[in-house]
Amino acid sequence: MQTTDEIKEWQTHSAKHKVAAVLMMDGVSFSYTEETGIVFTAPDFYVENLKYRLITVFGCSVRPIINEIK
């Protein structure tokens, strides 16, 4: 898998309170609505690292599902 520095838009409904907390700590802007969940922009490598951190550091019991918005 190749990662790039290209900024993409991402969306999630998984572990919203933990995802929001980590995004705020990292200074990443995001929006939230009930329909779309959390929406933010970041490169691929940040999202992969975010998923890993949510499990190992912040106690998510399952790997969060964070999808790219195309």
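**Reading strand pairing and salt bridges**

Q11 stands opposite N67 in strand β4, in a model that is predicted.

Me: Where should I look to read how strand β1 is paired, and how many bridges join β1 to β4?

Reply: The general idea is that in a regular strand the side chains alternate between the two faces of the sheet. In this structure, three bridges join β1 to strand β4, which covers residues 66–68, and the two run antiparallel. Strand β1, residues 7–12, is also joined by six bridges to strand β3, residues 37–43, and that pair is antiparallel as well.

Me: Which residue does Q11 stand opposite in β3?

Reply: In β3, Q11 stands opposite V39, while in β4 the residue opposite Q11 is N67.

Me: Turning to charged side chains, how many salt bridges does a search of the whole structure find?

Reply: The general idea is to look for a side-chain nitrogen of Lys or Arg within 4 Å of a carboxyl oxygen of Asp or Glu. A search of the whole structure finds five such salt bridges, and one of them is formed by K8 with D44, where the closest N and O atoms are 3.1 Å apart. Because K8 lies in strand β1 and D44 in helix α2, residues 44–56, this pair ties together parts that are 36 residues apart in sequence.

Me: Are K8 and D44 buried or exposed?

Reply: Both K8 and D44 are buried.

Me: What is the N to O distance in the salt bridge between K8 and E68?

Reply: The side chains of K8 and E68 meet in a salt bridge at 3.9 Å, N to O. This pair links distant parts of the chain, with K8 in strand β1 and E68 in strand β4, 60 residues apart. E68 has a relative accessible area of 32%, so E68 is partly exposed.

Me: Which helices are linked by the pair R53 and D26?

Reply: The side chains of R53 and D26 meet in a salt bridge at 2.7 Å, N to O, and the pair links helix α2, which holds R53, to helix α1 (residues 16–26), which holds D26, across 27 residues. R53, at 19% relative accessibility, counts as buried, whereas D26, at 32%, counts as partly exposed.

Me: Which residues do salt bridges that share partners join into one network?

Reply: Salt bridges that share partners join K8, D44 and E68 into one network.

Notes
Residues are numbered from 1 along each chain as its sequence is written. This is a predicted model: local features need pLDDT of at least 70, side-chain atom pairs count only at pLDDT 80 or more; totals for chains, interfaces and linings use all residues. Side-chain values use heavy atoms; hydrogens and water are left out. Two strands pair if DSSP finds at least two bridges between them. Helices (H or I, at least four residues) and strands (E, at least two) are DSSP runs, numbered from the N terminus. Buried means under 20% relative accessible area, exposed over 50%, partly exposed in between (1.4 Å probe, protein chains only).
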